Each structure stands twice: as structure tokens, then as C-alpha cells.
Amino acid sequence: MRLFKALSPLAAAITALTAVSAAADEFLPDLPVLGAPVPDGTSLQTPFTALAREVVFLDNLLLWIIVPITLFVTALLVWVIIFYNRKSNPEPARFTHNTPIEVAWTVIPALILLFIALFTFPALRHQQIMPEADVTIKVTGLQWYWDYEYVDHGVQFSQFMLERDQLADYGYTDDLYLLATDTAMVVPVGHNIVLQVTAGDVIHSWTIPAFGVKQDGIPGRLAELWFNAEEEGIFFGQCSELCGINHAYMPITVKVVSEADYIAWLERQGADFAGAPAWMEQFIEVAQAN
Ligand SMILES: [Cu+2]
């Protein structure tokens with residue numbers, strides 16, 4: 001075990017070196033950054049999947065519900081503080097029960113919760129029931145980087161955060177420091193991507209806020225998430241489960257590209273296309289001809 005621990009930084013360094021070959025892929029088209037935090041931002045990122053739109057809708061709906069409730073409770077408190085303190089109400093009433101009020105404060109919150117559930121349960125169902133996968137990728141969180149495996153094509157690489165002085169070499173602007181990584185998970189636009197999320201050491205969490213997805217990677221377990229990105233672009237996320245000293249330094253980069261660019265990229269990674277699904281066939285021929 002101790003030997004393993006001593007060797008693991010070495011293994012990480014080797015992975016880092018080998019990953020560079022899959023890294024700065026200058027053949028991918030120039031893509032706009034669509035999914036990233038903005039300075040002084042307070043709301044959710046612009047959604048780029050149906051799932052994320054549902055999440056934004058739920059967020060707004062809950063806001064419309066909790067604001068009046070908070071105002072109502074605050075008003076009640078203020079009313080009690082002003083009119084029922086010792087000075088203004090020296091002789092307090094001694095009764096302890098009021099059935100109509102007790103029924104009301106049980107039934108009304110229950111109805112509010114039921115109303116919220118009418119919208120949350122369909123959204124949860126949508127997120128948790130996996131559709132037929134067009135692309136399946138296994139993601140492993142590790143201290144402190146990500147491993148990706150395109151399980152149908154034998155393509156595998158790691159993803160490390162870029163240092164500030166490396167950003168330009170990889171085509172990123174300076175403000176993307178702490179978000180941009182050496183490799184990107186590349187996926188085709190408009191297809192169902194199913195991710196199998198796990199971890200190799202401690203619990204990590206894979207997320208892309210603009211896709212409305214987040215899934216803990218737990219050692220020894222394979223959890224799933226899915227998304228279908230609607231626009232080509234670059235999307236960032238960050239490990240979202242406190243996983244150790246460099247937790248803040250294992251961001252996630254996803255590049256959503258056209259089907260042709262995706263297959264050409266796979267081809268450059270040395271993909272095995274045996275048994276590829278029908279939608280890929282015409283693009284594979286083009287990629288292999290080039
Ligand atoms: Cu982590």
C-alpha cells in the first residue's frame with residue numbers, strides 16, 4: 001500500500017505526459033465559450049440542454065413561492081414583536097389551542113409542497129432515467145484530475161487543469177484560469193451522451209452547470225447522468241465534492257462539436273470504430289478518407 005502511495009504521483013505524472021498527445025487538438029474548430037461563470041453573476045448559467053432549462057424553470061418557480069412565504073413570516077414576527085411585547089400586552093392570553101389555525105398551517109404547507117412536487121418529480125424523472133445512448137463515456141474522478149474513457153472506441157485520456165502560463169498555448173484566454181484543462185471531453189451536438197461516473201480514490205463530483213447535470217463519482221460505484229447539448233461550444237465545470245487539498249484545481253472542459261468534427265477527433269485519438277452505431281457510419285468514411 002505504501003509503495004502504491006509512493007508511486008501514485010509518478011503514475012499521475014506519466015498519465016499527464018501521455019495525455020499531452022491527446023491534448024492541444026488544433027484540428028478542432030474554434031468554438032465560443034458558452035458555459036462559464038461570469039464576474040458578479042448571481043443567477044444560474046444560461047441553459048444549453050432541456051434538463052438545464054427545467055432546472056432554471058424550477059429555480060424561478062421556487063423563488064416565486066419562497067419570497068411571499070418569507071415576507072409573510074417576517075411580517076408575522078414583526079407584528080408579534082410590536083403588539084405582543086411585555087409593554088404593549090402586559091396581560092397575555094392563556095389559551096393553547098386553536099383548531100382552525102392548526103388545520104390551516106398543516107394543510108396549506110402540504111398543498112404548497114404538493115404543488116412543488118408536481119414540477120420537481122417530472123424533472124427528476126427526466127434526469128434520472130437514461131435515454132438510449134448515442135455516446136457512452138466513463139468518467140473517473142481522481143485526486144486531482146479526471147480520466148475519460150470512450151468505452152465503445154478504446155479512447156482514453158486524462159484531464160488536468162492548465163496553469164496560467166499554459167492557457168494561451170491551448171487557445172484559452174486568461175480569464176479561463178481555474179476552468180480550462182489540457183484535454184477536453186469532446187461530444188457531438190444534438191446527441192444523447194450518457195456518462196458513467198465513478199472515482200478512483202475519494203468521492204468527486206462531475207458537473208457542467210450549463211447542461212444542468214451533476215453526479216457524484218463514488219469509488220466502487222458506477223452512477224449515470226445524461227445530457228443532449230443543443231449548441232456547439234466550450235462548456236466548463238468544476239469538481240463539486242470536496243475531495244482534498246487540490247479540490248479547487250480539477251476543473252472540467254467539454255467541447256460540443258458537429259458530428260463530423262466529433263468523428264474526425266475520435267479518428268485522431270486512434271478510435272476503434274468496430275460496431276459503431278449507424279448514425280456514425282457516413283462520418284467515419286469521411287474521416288478515414290482524410
Ligand atoms: Cu474532486
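Me: Okay, so which hand does the crossing of α4 and α5 have?
Reply: Keep in mind that this is a predicted model. The axes of α4 and helix α5 (residues 281-289) come within 9 Å of each other. As for the hand, the crossing of α4 and α5 is right-handed.

Me: How many nonpolar residues does the contact of α4 with α5 have?
Reply: On the α4 side you'll find Glu259, Ala260, Ile263, Ala264 and Glu267. α5 brings Phe283, Ile284, Val286, Ala287 and Gln288. Sorted by class, the contact has 2 charged residues, 1 polar and, to answer you, 7 nonpolar.

Me: Which strands does helix α4 lie across?
Reply: Helix α4 covers residues 259-268 and runs at about 140 degrees to β5. β5 pairs with β11 (residues 251-257) in the parallel sense, over 4 bridges. Within that pair, Met185 stands opposite Val254 in β11. The strands that α4 lies across are β5 and β11.

Me: Which strands stand at the edges of the 4-strand sheet, and why is one side of each left without a neighbour?
Reply: This open sheet has mixed pairing and the order β1-β10-β11-β5. Each edge strand has a single partner strand, so one side is left without a neighbour in the sheet. The edge strands are β1 (33-35) and β5 (185-188).

Me: In the sheet of 5 strands, what is the bridge partner of Val194 in β9?
Reply: That open sheet runs in the order β4-β3-β2-β6-β9. Its edge strands are β4 (155-159) and β9 (223-227), each pairing on one side only. Strand β6 (residues 193-199) and β9 run antiparallel, joined by 5 bridges. In β9, the partner of Val194 is Trp226.

Me: Zooming out, how many charged residues are on the side of domain 1 that touches domain 2?
Reply: The domain assignment gives domain 1 (2-44 + 133-289) and domain 2 (50-128). Here 7 residues of domain 1 are in contact with 7 residues of domain 2. By class, that side of domain 1 has 5 nonpolar and 2 polar residues, and the charged ones number: none.

Conventions:
Residues numbered from 1 in each chain as written. Predicted model: local features only at pLDDT ≥ 70, side-chain atom pairs only at ≥ 80, totals over all residues. Domains from an automatic or database assignment. Contact = placed C-beta atoms within 7 Å. Nonpolar A, V, L, I, M, F, W, Y, C, P; charged D, E, K, R; others polar. Pairing = 2+ DSSP bridges. Helix = DSSP H or I, 4+ residues; strand = E, 2+ residues; numbered from the N terminus. Axes fitted to C-alpha atoms, helices over the stretch in contact; angles between N-to-C directions. Left-handed = near helix turned anticlockwise from the far one by under 90°.
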